Amino acid sequence: MALSADQVFLLNTLTYMSKDGVYSATSGDQVGDFVQTLINSPSLRDSLADPFMTSDQILAACQQIAGDPTLSSMTIAHASRTDGGADRLVFVTPEGSTDSQAVIALEGTTGANEWRDDAYGAANTDCADHVSTAHQEADLKWFQSDDVQGILDSCDTVTVSGHSKGGNKAKYITVMDDRVDECISFDGQGFSDEFMNEYAPDISKNQHKIQNYNNADDYVSILLNDIGDTHYIEGTPVDNPMENHSLFTLTNSIPMSEHTTEQNQLLNELDQCLNGFLRTLNPEDTLLFAELIGEILALTLGGDGSISTVLEVLSLTRELGFDKLGDLLRYIFTYAGYELAEALLHLLKEHCPWLADWLDDLIKHVQRKGSLPDGNDLTVSADRIKMDTMNLTSVAIQLSRIYTALSDCIGSVNRCATLCDDFNISVNLSFTISMVLAHGISGILSGTPAHVLKGLSRDLRELAKEVEKLSGSVKKAATSFEENEERIVSFLPDFVGAPGSW
C-alpha cells in the first residue's frame, strides 16, 4: 500500500533537518535511527533550528516519524545535494515489503543562485527548450542517472515529492518522465505560460499524478501556473508572514485531510494579478522583470549581499524602467480589491519607513469608498494613483543617479586594486635595488668597478620615477573616491521622514 500524503510530508521534513556541517543524512541510514538521534539531543536540534524551523517543530516531526512503524523502518537509499546545497533524499521501504515503494524528497530553495533560478522560470530561459530552468534540468538528469534508477527499478511504486522549489522540481520531473507513479508537492510554485504551451501533451498525460498541498497563507505556491489537484491546508499561525512558507507550519495539521480550508483571498487575488501583469509584458521585458526579481531574491533571501548584486538590481531597475514597476502597481490597484492594494502598501511601509508619508497619502487613495461598494471598481482611485505615481518617476531619476555614482565608485575600487598591484611591484623593485645597493657598497669597499656603480645609479633613478608615478596615481584615486562619495550622498532621495544619516 502506497504511503499517504501525511507520511510523505513527514519524510520531506528530513531534508531540512539534514544540514551540511551540522547533521547530515547519508546513504544507508535507517530513518528511525536518524530521527531518534535528534529526539535524544536537544543541543543538536537547537543547532539545526533557524527562523523557518524551531527546535520544538523538529522534535514534533521526529516524534511523529518515530511513532510510525512504516516510516521508521524505511532506509535512506541515496543522499546527495544539488550544486546549490539542497538535499535530495531517496527513501525505500524494507526489502520483502508487499508493495515496495521509493519516495524521493527534494529540499526547497537553498542559496542565492537557486533563488535566481526560481525567478528565471517566469521567462524565456537559456536552456535548450527555452522554458526549463538550469536547476530543473539538473534534477531531472539526477533522477534519470544510473545511481537513482538502479534504486527505483526494484520498487513497485515511485513517488517524487518536495517543498517549495523542491515541489516545483518534483512536478517538473513528473511531467518530463513517465516513470514517476505519483507526485506530491508542498507549497511548490508553478510554471510559465510558455512552459505550459511547450509541454501541453506531457502535462495532459501526467497531471493526474500530481497532488499539491499548500499552506492556505503561503505566498510561493501562487507564482505562475500550477499543475495537478490542489488542497489548501490550515497551517499553524505565525507572527512573521514570511514564515507561512515554512514546511513546518503544517506539522500540526496532520492528518491534512482534516485541516483543509480555503486559500487566503488576498493571496488568491495577488496570484491572478501577478500572472495577469506578466501577460501584459513583451518577452524582453518579461526576461528583465524575471532577472530583477531573481536578483532581489538573491539579495534579500539568498544572502548574497555583494556590491555586484546591489548594482545588478539597480542596473536592471534602470534597464526595465521604473515606469514598468509603476505599471505593476497600477495593474494591481486597478484589478485587485481594495483590501489587497491596501495590504501591499502597508507591507511596503513596514519595510521602507522613510516612505511612510508618501505611502500614507497613497493608501488614502485606495481605501474603500462608499460609492464603490464591491471593492472592484477602481476608476476614481486609479486616476488619483496615476497622478501619485509621478513620485515613482522622481525615485527612478534618483536611482539612476545613485547607480551612475556607484558605478564610478566601483571603477575607482578597481583602479585602486590595480594600484595595489603596482605598489607591490614597486616594493619588490625597491627591495631588489636595496640588495643591489648593499652589494654595491660592499663592492666599493673591495674595489668595485665604475660600471657597476653607474648601473646602480641608473636603477635608483628608475625607482624614483616609479615612486613618483605611484604617488601621483594614489592622489588621483583618493580624489576620485572623495568626489564620488559626495555625489552619492547628494543623489540620495530626500524623502520626508528619511533617516538623517545614510
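The second largest cavity holds about 30 Å³ of space, a cavity being a set of points on a 1 Å grid over the protein atoms alone where a 1.4 Å probe fits but cannot get out. Its volume is the space filled by probe spheres set on the points, with grid points joined across faces, edges and corners. The model is predicted: local features need pLDDT of at least 70 and side-chain atom pairs count only at pLDDT 80 or more, while totals for chains, interfaces and linings use all residues. Residues are numbered from 1 along each chain as its sequence is written, and side-chain values use heavy atoms, with hydrogens and water left out.

**Cavities**

- The count comes to 2 cavities of 30 Å³ or more.
- A122, A123, N124, E194, P283 and T286 line the second largest cavity, where lining residues have an atom within 4 Å of a point.
- By class, that lining has 3 nonpolar, 2 polar and 1 charged residues; Ala, Val, Leu, Ile, Met, Phe, Trp, Tyr, Cys and Pro count as nonpolar, Asp, Glu, Lys and Arg as charged, and the others, Gly among them, as polar.
- The largest cavity has a volume of about 100 Å³.
- Its lining comprises 14 residues, with D118, G121, T133, Q136 and N168 nearest the centre.
- Two or more residues of this lining come from each of α6 (112-120) and α9 (165-176); helices (H or I, at least four residues) and strands (E, at least two) are DSSP runs, numbered from the N terminus.
- The lining of the largest cavity divides into 4 nonpolar, 7 polar and 3 charged residues.

- In β4 (residues 157-163), 7 of 7 residues are buried, buried meaning under 20% relative accessible area (1.4 Å probe, protein chains only).
- One side of β4 carries T157, T159, S161 and H163 and the other V158, V160 and G162, and all are buried.
- β4 pairs in the parallel sense with β3 (residues 101-106) over 6 bridges, pairing requiring at least two DSSP bridges between two strands.
- V158 in β4 stands opposite A102.
- β4 also pairs in the parallel sense with β5 (residues 182-186), over 5 bridges, and T159 has E182 of β5 as its bridge partner.
- From β4 the chain crosses through α9 to β5 in a right-handed β-α-β crossover: with the strands pointing away from the viewer, the path from the first strand over the helix to the second runs clockwise.

**Helix α9**

- α9 has 12 residues and reaches 16 Å from its first C-alpha to its last, close to the 16 Å expected at 1.5 Å a residue; the expected span is 1.5 Å times one less than the number of residues.
- Because 11 of its 12 residues are buried, α9 is largely enclosed by the rest of the structure.
- The buried residues of α9 include N168, which is also among the residues nearest the centre of the largest cavity.

Conventions
On a 1 Å grid over the protein atoms alone, a cavity is a set of points where a 1.4 Å probe fits but cannot get out, and a pocket is an open set with protein on both sides within 12 Å along at least five of seven lines; lining residues have an atom within 4 Å of a point. Buried means under 20% relative accessible area, exposed over 50%, partly exposed in between (1.4 Å probe, protein chains only).
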